[in-house]
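Here are a few exercises to work through with the model open. Try each task yourself before you read its solution.

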Amino acid sequence: MDKHEDRDAGKVRLSDPGELDDPWQDALASGWGELETAGPPASPVPQARGPAQDGPGTPTVSAADIYLEVQRSPAFQEVRRRYRRFVVPACIAFFVWYVAYVVAATTAPELMARPVAGSVNVAMVAGLGQFLSTFLLTWAYARHARLRRDRLALELRWETQELTRGAER
C-alpha cells in the first residue's frame with residue numbers, strides 16, 4: 001500500500017474560479033415541466049459589455065445599468081406578465097369571496113344561521129370555505145409559479161448574475 005501525501009487533497013478545485021455550475025439547472029422535480037399553453041420562451045436578456053468583451057479603454061457597465069437593462073428586457077417583462085395574469089384575478093376573486101362572507105354575516109344573520117347538517121349552519125360552512133379557499137389559492141399559486149414562471153425566472157437570474165459578474169459596483 002502506497003501512502004500519498006497531497007497538500008491540496010481537501011480543497012475544492014475549479015477550472016475557472018468564476019465558473020460554478022447550477023446543480024438544479026437540468027433537474028426537474030417530479031411533475032415539473034412547461035405546459036404547452038405556456039407560450040414560446042421570451043427572448044433572452046441582451047448581452048451587456050463586460051471587461052472581457054470590451055477592448056482596452058472602453059468603460060465597463062455598472063451593475064445598476066445591467067439591472068435596468070434586464071428590467072426592460074422581454075424576458076423580464078414576460079415573467080411579470082405571467083405573474084400579473086394569475087395574481088390580479090386571484091386577488092380580486094378572493095377579495096370578493098371574503099367581502100361577500102363578511103357582508104352576508106352582518107346583513108343576513110338569518111341566512112347564516114340556517115342549518116345545513118345537524119348543528120352545522122351556513123356560516124360555519126362558509127367560514128370553513130374561507131380556510132379551504134385560502135389553501136386552494138396557495139396551491140394554485142405555487143403550481144402556477146412552478147409551471148409558468150420558475151424556469152424563466154431562474155434563467156433570467158443566472159443570466160443577470162453572469163452579466164453583473166464583471167460589472168463595477
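**Exercise 1.** Is Arg82 buried or exposed?

*Solution.* Keep in mind that this is a predicted model. Start with the cut-off: buried means under 20% relative accessible area. Arg82 has a relative accessible area of 8%, so Arg82 counts as buried.

**Exercise 2.** Find the salt bridges, and work out which residues are joined into one network.

*Solution.* Step one: a search through the whole structure turns up three salt bridges. Step two: take them in turn.

- Glu78 and Arg82 meet through their side chains at 2.7 Å, N to O. Both sit in helix 2, four residues apart, which is about one turn of the helix.
- Arg81 and Glu78 also meet in a salt bridge, at 2.5 Å, N to O. They are three residues apart in helix 2, so about one helical turn separates them.
- Arg165 pairs with Glu162, with 3.4 Å between the closest N and O atoms.

Step three: look for shared partners.

Step four: check the cover. Glu78 is buried at 14% relative accessible area, while Arg81 is partly exposed at 33%. Arg165 is partly exposed at 44%, and Glu162 is partly exposed at 45%.

**Exercise 3.** Which parts does the aromatic pair of Phe86 and Tyr141 tie together?

*Solution.* First, the search of the whole structure gives one aromatic pair. Phe86 and Tyr141 form this pair, with 5.9 Å from centre to centre and 50° between the planes, which makes it tilted. Now place the partners: Phe86 is in helix 2 and Tyr141 in helix 4 (residues 122-164), so the pair ties together parts 55 residues apart in sequence. As for cover, Phe86 is buried at 18% relative accessibility, whereas Tyr141 is partly exposed at 33%.

**Exercise 4.** Which residues make up the largest nonpolar core?

*Solution.* There are six residues in all: Val61, Ile66, Val70, Ala75, Leu156 and Leu163. Next, ask where they come from: helix 1 (63-72) and helix 4 each supply at least two residues of this core.

How values were computed: Residues are numbered from 1 along each chain as its sequence is written. This is a predicted model: local features need pLDDT of at least 70, side-chain atom pairs count only at pLDDT 80 or more; totals for chains, interfaces and linings use all residues. Side-chain values use heavy atoms; hydrogens and water are left out. Rings of Phe, Tyr and Trp (its six-membered ring) pair if their centres lie within 6.5 Å; planes under 30 degrees apart count as stacked, over 60 as edge-to-face and the rest as tilted. Buried means under 20% relative accessible area, exposed over 50%, partly exposed in between (1.4 Å probe, protein chains only). A nonpolar core is a set of buried Ala, Val, Leu, Ile, Met, Phe, Trp, Tyr and Cys residues joined through side-chain atoms within 4.5 Å. A salt bridge is a side-chain nitrogen of Lys or Arg within 4 Å of a carboxyl oxygen of Asp or Glu.
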